[in-house]
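Hi,

Here is the structure I said I would pass on to you. Have a look at it first, and then read on for what turned up.

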Amino acid sequence: YGIGMSWLLLAGGRWARITSWAQRVSARRFVSTMIVGFVFLLATWVLGIPQAVYEGFYREHQYGLATQTLLPWLWDQTKGLMVSMIIVPLVIVGVYNAVRRAGERWWMRAGVFAFVFILLFSMVVPVFISPLFNDYKPLPGGPVRAAILSLANANQIPTEHVEWFDASKQTTRVSANVSGFAGTTQVSLNDNLVNKTSLPEIKAVMGHEMGHYVLNHGLRLTVYLTLVITLGLLFVHLSFDWAQARWGRRFGVEGRSDPAGLPLAAALISTFFFVATPLVNSIVRQAEAEADAFGLNAAREPNGFAMAAMRLSTYRKIHPGYWEEVIFYDHPSGYARVHGSMLWLKENQDNPTANAPLPAP
C-alpha cells in the first residue's frame, strides 16, 4: 500500500513539481524542505485513509474491540495528524541535512539522529501527547492503588503517581504502562483494566509493565531499533542510486539530496521494514517475554497473568505455529504465556496467592 502511494505521488513528475513549488516559495533549503515534509505527510495521510478506516475502524468494530463511532474516531486520527505535522517535517529536514552534509556516510549520521529522536520522543509522549487523546486522573485510593504502589516500592520504582485514563471511549482492550524519568515517572492503567478484571489480573499486568521499567527495556529497545533503522537507511543508500538511474528521469528526481525523491526513499524504507518485520517483531517479543518472567516473580499471580493472557486471545490467535509467531507476533502467544504461568505455579506451590481462587472483576 505504501509503495502504491509513493508511485501515485511520483508518477508523471507530480512530486518534482511540488518540490519546485516549495523551492520557489523559499530559497532557503531548511524552509523548502520543511514545506515538502508538510505536503508529503498530508498527502500520505489522505491517501492512507482507506487503509486506516479498514484496519483501525471497520476491523476493530468487527471484532468488538472498538467503541467509537466514525466521527470521534476521525477526530482522533486528525489529532494524530496535527501532532505529526509538528514532528515529521523536522525529521525529514534532519535526514536531508545529513544527506547534504555527510555525503556517502549520511546514513550513519541519520542513524545517530534517529537514536536521539526516539529517546526524546519516548520521554515526551506520556507527558504531552497521550493526554491529547485521553483524560488522565489520579487513581482513587483503595486495594488497586495500594497493590500497585506496593509493587512499585518493592521493585524500587521511584513514583507515587498512579494514573488511570478513559480508554473505554475508544476500545475494549486492557492496557497499562510505566513511563517517565527524572521525577516524572508514573504508572498508568486504563479504565478497562480497572473495571473489567480482577485484582490478581491487575497485579499481574502491572508486574509485567514494571518489568519493562526495571529491566530498562526503553533504552535497550531504542538501541536495538536504532540499529535496525540504520540498516534500513543503509539499504536506502545502496538502492536509491539504482532506483534513480532506472526511474529518476521519469519521476524528475535529480539525486539523493533532492527532496523530489522523498516518495521514492519512503517506498524503499517501507520495503525494507516489510521484509524486516520478523526481525523487529522478534526483538520486541524477546523483551516482552523477559517482562513476563519478571512480572510473574514480582506479582506472584500466575492465575491472574494466565487469565489476562486469555483475555487477549479475543484478538490474538492463542496457539500459532513456530514460524507464524516469529513472523507476525510482537508479543509471546497466549499459549506461551499461560504455559509459562503454569510452570511458575508448579514450582511455587507454597505461594499463598498461587492457588487462591480468582475473584470476580
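**The second largest pocket**

Lining the second largest pocket are 36 residues, and those nearest its centre are Phe-40, Val-88, Val-91, Ala-266 and Ile-269. Two or more lining residues come from each of α1 (2–10), α3 (29–62), α4 (70–102), α5 (106–129), α9 and α10 (262–275). The volume of this pocket is about 1400 Å³. Sorted by class, its lining has 28 nonpolar, 7 polar and 1 charged residues.

Please keep in mind that this is a predicted model.

**The whole chain**

The protein has 14 helices and 4 strands. Its C-alpha trace spans about 70 × 40 × 40 Å along the principal axes. Of the 361 residues in the protein, 44% are buried. If you take the contacts between residues at least 6 apart in sequence, 73% of them join residues at least 24 apart.

**The cavity**

Searching the whole structure gives 1 cavity of 30 Å³ or more. The volume of the largest cavity is about 50 Å³. Its lining is made up of Ala-309, Leu-312, Ser-313, Arg-316, Lys-317, Ile-318, Pro-332, Ser-333, Gly-334 and Arg-337. Helices α12 and α14 each contribute at least two residues to that lining. By class, the lining of the largest cavity holds 4 nonpolar, 3 polar and 3 charged residues.

**Helix α11 and what follows it**

Helix α11 covers residues 277–299, and I checked its length. With 23 residues at 1.5 Å a residue, the helix should span 33 Å; the C-alpha atoms at its ends are 32 Å apart, so the two agree.

Which residues of α11 are buried? They are Asn-281, Ile-283, Val-284, Arg-285, Ala-287, Glu-288, Ala-291, Asp-292, Phe-294, Gly-295, Leu-296 and Ala-299. As a reminder, an α-helix has 3.6 residues a turn, so residues three or four places apart point the same way. The elements that cover the buried residues of α11 include α6 (143–154), α8 (199–214), α9 (217–251), α12 (302–312), α13 (322–328) and α14 (334–347).

Arg-300 is not a glycine, yet its phi is positive, near 55°. Its relative accessibility is 31%, so Arg-300 counts as partly exposed.

**Another positive phi**

Most residues other than glycine have a negative phi. Gln-156 is also worth a look here: its phi is positive, about 60°, although this residue is not a glycine. You will find Gln-156 in the loop between α6 and β2 (162–165). Is Gln-156 buried or exposed? Its relative accessibility is 74%, so Gln-156 counts as exposed.

**Thr-185**

Thr-185 belongs to the loop between β3 (176–179) and β4 (186–190). Buried means under 20% relative accessible area, and Thr-185, at 2% relative accessibility, therefore counts as buried. Leaving aside residues up to four places away in sequence, Thr-185 touches Ile-157, Pro-158, Thr-159, His-161, Val-178, Ser-179, Gly-180 and Tyr-213. With Tyr-213 there is a polar contact, side chain to side chain, at 3.2 Å.

Best wishes

Conventions: Residues are numbered from 1 along each chain as its sequence is written. This is a predicted model: local features need pLDDT of at least 70, side-chain atom pairs count only at pLDDT 80 or more; totals for chains, interfaces and linings use all residues. Side-chain values use heavy atoms; hydrogens and water are left out. The expected span of a helix is 1.5 Å times one less than its number of residues. Buried means under 20% relative accessible area, exposed over 50%, partly exposed in between (1.4 Å probe, protein chains only). Contact means heavy atoms within 4.5 Å. On a 1 Å grid over the protein atoms alone, a cavity is a set of points where a 1.4 Å probe fits but cannot get out, and a pocket is an open set with protein on both sides within 12 Å along at least five of seven lines; lining residues have an atom within 4 Å of a point. Grid points are joined across faces, edges and corners, and a volume is the space filled by probe spheres set on the points. Ala, Val, Leu, Ile, Met, Phe, Trp, Tyr, Cys and Pro count as nonpolar, Asp, Glu, Lys and Arg as charged, and the others, Gly among them, as polar. A polar contact is a pair of N or O atoms within 3.5 Å; within protein, one must be able to donate a hydrogen and the other to accept it, and residues adjacent in sequence count only if both atoms are side-chain atoms.
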